[in-house]
Amino acid sequence: MSRIVLNATEQRLAQYVGRCRAQVNRAGGVRDQQCSHRMTGEEVDVEGAGAEIALAKLLNVYPDLSLEPRKGGADLLWGVLRVDVKTTRYPQGQLLATMYKTRGGVDVYALLVGPFPTYELKGFCSEAQLFDVARITDLGRGPTRAVPQADLVTLPVRDQRLALDTDAG
């Protein structure tokens, strides 16, 4: 898969955006729905911003750097696809989404693995794949949606819809 390393400027940008989003979301009443029990909400937001910037860098698109309070939705646009970026520090980690996640607003979910500032793109899944009832599992903190890396697909940059049915479900 593809390895992406953020340079010093991208790292500072991710730290700024992540910290600001954490503050703005909490002040705006957006519930912290992180899946991690080993990281603070701010650390999760910095990791998330770093992964979003890393994927945008890989796909040669501009990341969403907005700081307004937001719940869910796409993190970046890749051609016609609305992409939600998920990240984990666990090398064999799964693409996870809370049960509060709702359908709509996202076409594709991407999983990036690695601690800030180095990430590896593991693959993509469609909204239909993530919301399949068979994806609901309990990893020790209650029900969550989980897609193992083995079930993710790779997408060539030139053909965004190859091997991914975004209209299913």
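Predicted model: local features only at pLDDT ≥ 70, side-chain atom pairs only at ≥ 80, totals over all residues.
Residues are numbered from 1 along each chain as its sequence is written, and side-chain values use heavy atoms, without hydrogens and water. Local features need pLDDT of at least 70, and side-chain atom pairs count only at pLDDT 80 or more, while totals for chains, interfaces and linings use all residues.

**View 1. A nonpolar surface patch includes Val133.** Met99, Val133 and Ile136 make this patch of about 250 Å². (Patch residues have over 30% relative accessible area and no salt bridge, and nonpolar side chains are joined within 5 Å, like charges within 9 Å; a salt bridge puts a side-chain nitrogen of Lys or Arg within 4 Å of a carboxyl oxygen of Asp or Glu; areas use the Shrake-Rupley method with a 1.4 Å probe, and for residues only the protein chains shown count as cover.) Look for Val133 in the loop between α3 (127–130) and β7 (136–138). (Helices, H or I, have at least four residues and strands, E, at least two, as DSSP runs numbered from the N terminus.) Val133 is exposed, at 66% relative accessible area. (Exposed means over 50%, buried under 20%, partly exposed in between, with a 1.4 Å probe and protein chains only.)

View 2. Pro117 lies in the loop between β5 (108–113) and β6 (118–126). Most peptide bonds are trans.

**View 3. Asn60 has a positive phi.** The value is near 60°. Asn60 sits in the loop between α2 (41–59) and β2 (76–78), and is exposed at 72%.

**View 4. Cys20 and Cys125 are both buried.** Relative accessibility is 13% for Cys20 and 0% for Cys125. The structure holds zero disulfides (pairs of cysteine sulfur atoms within 2.5 Å).
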